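Here is a short tour of one model, with a few stops worth a look. Have the viewer open and follow along.

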Amino acid sequence: MPKLESWVMAGIRRQSTWWKHQEIRLFWEPDIHLATVRVVIDELNLLCQAIGLQFKLIPFGSHQSAMIQLKAVTHDNQIDYNRFFDIVVAEDWRNESIGGREHGDIFITTKHLLDDPVSLGCASYTDGCILFALHGQSQHNHTLLRRLVRHEATHLLGLGLHCNEFPVQGYHYNDRCNMHYHLPSGETCPKCLDYLRAFWTHLGRL
Ligand SMILES: [Zn+2]
Ligand SMILES: [Zn+2]
């Protein structure tokens, strides 16, 4: 059996329990099509099924509070995603001491990430958040979108590294694995899937 143990949990900088109720809330801007939203929901569910994990994905649409959060960090049609994640982590909706409920969040926008004309998304396990930046025609390219959603969802679910960044003895390196920066395919290699399984086993959810 290959040794994944030492890699699992190594990327976690601080305690995070956004997953406590296994609930993720989904928000999108009005110019995001429902077909796009469906791909996001489908692909996240497929990844969870692949590792045997159950998350409830709740669609909230263009809820005013989320639009205000996005607007607060948008300048020149670009989103300051670091500030955005800080705002989302600290929001009252997640604060159980004042009636909120811990959860993860996914946001879909058509704006660009700050100083990054290329990337279509970013994600953080510790913050329990994905921001999809589907600028241009990208939301209509469903092949690319599925690869992107799987990739960012894998980051959200705890794999902070890319496939080429953590060789593990006993696993064949697959350069077509979805967990490369350039999204070469929609398939996740056994090493990366086993990482997620080991991760959630550590957290007592598998
Ligand atoms: Zn991989
Ligand atoms: Zn990545």
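## A word on burial

A residue is called buried when its relative accessible area is under 20%, and exposed when that area is over 50%. Histidine 162 has 16% relative accessibility, so histidine 162 counts as buried. Please keep in mind that this is a predicted model.

## The zinc site

Histidine 162 also belongs to a metal site: the zinc ion (ligand 2) is coordinated by the NE2 atoms of His151, His155 and His162, at 1.9 to 2.1 Å. Along the sequence, the donor residues of this zinc ion follow the spacing H-x3-H-x6-H.

Histidine 155 has a relative accessibility of 10%, and therefore histidine 155 counts as buried too.

## Glutamate 43 in helix α1

Next, turn to helix α1, which spans residues 34-51 and includes glutamate 43. With a relative accessible area of 5%, glutamate 43 is buried.

What does the side chain of glutamate 43 make a polar contact with? The partner is the side chain of arginine 150, at 3.0 Å. Leaving aside residues up to four places away in sequence, glutamate 43 touches Arg146, Val149 and Arg150.

## A three-stranded sheet

The last stop is an open sheet of 3 strands, in the order β3-β4-β6 and with mixed pairing. Its edge strands are β3 (74-75) and β6 (112-113), each of which pairs on one side only.

Strand β4 (residues 78-79) pairs with β6 in the parallel sense, over 2 bridges. Here isoleucine 79 is found opposite leucine 113 of β6.

Terms used: Residues are numbered from 1 along each chain as its sequence is written. Chains are lettered from A and ligands numbered from 1 in the order in which they are written. This is a predicted model: local features need pLDDT of at least 70, side-chain atom pairs count only at pLDDT 80 or more; totals for chains, interfaces and linings use all residues. Side-chain values use heavy atoms; hydrogens and water are left out. Donors are N, O and S atoms within 2.8 Å of the metal (3.2 Å for Na, K and Ca); water is not among the atoms, so sites may look incomplete. Buried means under 20% relative accessible area, exposed over 50%, partly exposed in between (1.4 Å probe, protein chains only). Helices (H or I, at least four residues) and strands (E, at least two) are DSSP runs, numbered from the N terminus. A polar contact is a pair of N or O atoms within 3.5 Å; within protein, one must be able to donate a hydrogen and the other to accept it, and residues adjacent in sequence count only if both atoms are side-chain atoms. Contact means heavy atoms within 4.5 Å. Two strands pair if DSSP finds at least two bridges between them.
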